[in-house]
Amino acid sequence: MKRLIYLISALMLLASCGEKGGTQPQLTLKQKLCTEWHSTTVSLDADIYISFADNGTFELYQKIVEGAYRLYRGTWNLEEDLLTGKYNDGEDWAAAYKVTIVNNVLTLTSYNDTAEESVFEKAKIPSEIKETCEIEVRSR
Amino acid sequence: MRHCRFIIAVITSVMTAASCISEIDTSSVPEPSESELALATKSAGRMSADHQKGFLLIYVDEQTVARIEKGEIDRVAYELFSGMEIRGFEPALSHMPKNKEVARELGLHRWFTITFDESIPVRRIAQEVAMRPEICLVQFNNLAKPASDCKSIPFRPQPKLMAAAQEGATIPFDDPMNSYQWNLNNTGDKKVAATARAGADVGVMDAWKLTTGTPDVIVAICDAPVKYTHPDLEAAMWVNEAELNGVKGVDDDGNDYIDDIYGYNFYKGSGSHGAINWESAGETGHGTHVAGIIGAVNGNGLGVSSIAGGSGNGDGVRLMTCQLFEGAGSAGDAGMAEALMYAADNGACIAQCSYGYPAYTFENDKSFMDNAPLEYRAINYFIHPKNAKHPALESNIIIFAAGNESASESDYPGALPVCVSVTGLGADYLPAGYTNYGKGCNLAAPGGDLWIGSYKEEENISQILSTCISEVASDYAWMQGTSMACPHVSGVAALGVSYAGKLGKRFTREEFTSLLLTSVNDINQLIAEADLKPFKDLSFSLRPYRTRMGTGAIDAWKLLMQIEGTPSVMIKSGTTSSISLEDFFGESYDDLTYLSVEIDDDAKKTLGLASSPRIEKGVLNIACMKNGSAKIRVYANVGGTEISRELSIISRGVYSENGGWF
């Protein structure tokens, strides 16, 4: 059975390479999402880093105005291109988001009446931010 | 334990006597003498039953002080007091403060003392000197004294006490007694009290992850002596290195005080000559207990932990002992004033003061200013911007206990708008039976409450455990009172200054006080639900305390969050949002009045405001039509102290309750 799966996977890989003419495997939206992102929207005086892990958890490091970075953790779920999430304190994300990723740029568009866009680029979360954010924010 | 703090007994009012003169039937009593009228006009102090005999403070005019400064003091004394039985005439402040400019601005150079035989009635001399036109004010030197029931219960490691330790406490230091310190980490363990509440503490556990205090923050303990050789305090003491390494009996650092290594003793009634002394009869360990709450060394494997005692690497705040009481003796108004000036001159940025005049002694702020002018000026010297030494503060902070008379107003000087006055809570987050509340009270903090704990003294851990002196009790003991609540706020303030310094931030006294008074948790709901509470052998109603304990219970974490930056409020654009100001100003305090909201035109444009925001019943209503961020400032008055808070409004299409971006 395992051999059969390997064979099918290899054939699919070859087929995709043929289509694109390159060697990169075609990643699903979920696979593309599973990395670290940094916000490029600066108009709201906020600096946001978020990492999506493939086990369905996220870590959000956010700095609003001149405050320090604060850490939020939780879980996420992607159904087709619709992203939802829940913080570890039980609070749901305020909206669901439509996900588009083009050329390593992630755009999350809120699925509500405002259709607010948050734009991110792929970027590693600086270790100094992670180190200073050991306290997780929860509703108090 | 109701009076477990130092109080200044002030009972006889010369001013009251003066006012009576116009009210009584003058046909039936003799006319007041000219000297009595003169004293009534010039009396600045209320003659206490406990005033110092053979001693008066006087405030002279500028011409007279100018002559004295030219070296004519003997001639001036002769002219002023010839014919009177005056023995001595000298400046009231045995050491003039370093900042001469500020001292002169406040008139501190114009205060002098006169001494005479103790057998002569003070009032008679006061009347005589009041007749001199060169003398503007005459003040009796009121003596502070420790209340007789200032009791401490020693920590004795017996099996019953060992078994009474809190379970589940997670204080991150290896100080063996810290599982008894519910005031730092309250797990809600019923061994503390049947009504103990998890989280009813000073909120320091998370705050310690950001700072545990820094040694550049010096807290002056204006109180009974701090035992600087205590094993849990020795490394936390402020040290005057020049005196430590200098010659005994010599003023090595030139600050006018000889051998002031850890501070100074301002009580002049003994033979201590400025040396810190905790061995006199009547000593209670009060000052040492207060000091340990703020800065006992953390992580040294000894005794207790403290709010700002460092991370275990000797890096906590420093404690300066300004001794006001020696055994049963008191430094009086002059000594207290001098202590505050010494503290400012030698680098303290926080004055921790668990003493005051009992409630109802003064009708209002003006009454205090008129009747305790020297102390009032000394307070103003301490908080004067030109005397600030720490880079994070533009002026120093002064914190007082609210008092233990169960009275519906704060003691003075704590009730003054420039001071922070602290009320006392038990491990149940409810007012303790002894605490004052109401007018002039600003904040609540754990002060301990014996009566909600075990009836068996050997198991009772519902008071505050801290350092004490073995000469009185043991090295560690339990005490309670607003005297103990006050250093909790001082400790949290010290953490705040440490953290502000670390972040390179700087605040005015008004800004820092605003942050302090708004870093609180709500206690009103609990008070409303509890209704009755035990006190001694009785129960008392909590109803009068509701909304009158200050803005709420101090929370160190919240203070550090506020120091990090302007608090941001996310609201949803395109609709009217209602922001509860309690989150930023504390709960609905009876004496809290919102005054106004300030927003400039650019901010209005950025947020797309159709109209100015309004405050109604503690709620800020704001309608932002555009996504954007801008700052606003809300002004309020809390117990006579005007405070303001800047808020960042973030208007977005998405709004999350917990502040998360998504």
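One of the pairs is A:Leu82 with its bridge partner A:Lys98 in S6(A). Keep in mind that this is a predicted model.

Stay with S5. It covers residues 82-87 of chain A. Which of its residues lie on the covered face? They are A:Leu83, A:Gly85 and A:Tyr87. The uncovered face has A:Leu82, A:Thr84 and A:Lys86.

A:Gly74 stands opposite A:Tyr87 in S5(A). S4(A) and S5(A) form a hairpin with two residues between the strands. There, A:Glu80 takes a positive phi near 55 degrees.

Now chain B. The largest nonpolar core has 220 residues. Those with the most contacts inside it are B:Val219, B:Leu340, B:Ala343 and B:Ile399. Helix H13 (residues 482-503) of chain B gives the largest share of this core, eleven residues.

Pick out B:Leu340. Leaving aside neighbours within four places in sequence, its contacts include B:Ala378, B:Ile379, B:Tyr381 and B:Phe382. Those four are buried residues of helix H12 in chain B.

Why is H12(B), residues 373-382, largely enclosed by the rest of the structure? Because nine of its ten residues are buried. Among them are B:Pro373, B:Glu375 and B:Arg377.

Technical notes. Residues are numbered from 1 along each chain as its sequence is written. Chains are lettered from A and ligands numbered from 1 in the order in which they are written. This is a predicted model: local features need pLDDT of at least 70, side-chain atom pairs count only at pLDDT 80 or more; totals for chains, interfaces and linings use all residues. A nonpolar core is a set of buried Ala, Val, Leu, Ile, Met, Phe, Trp, Tyr and Cys residues joined through C-beta atoms within 7 Å. A residue is buried if 20 or more other C-beta atoms lie within 10 Å of its own, exposed if 12 or fewer, and partly exposed in between; C-beta atoms are placed from the backbone. Two residues are in contact if their C-beta atoms, placed from the backbone, lie within 7 Å. Two strands pair if DSSP finds at least two bridges between them.
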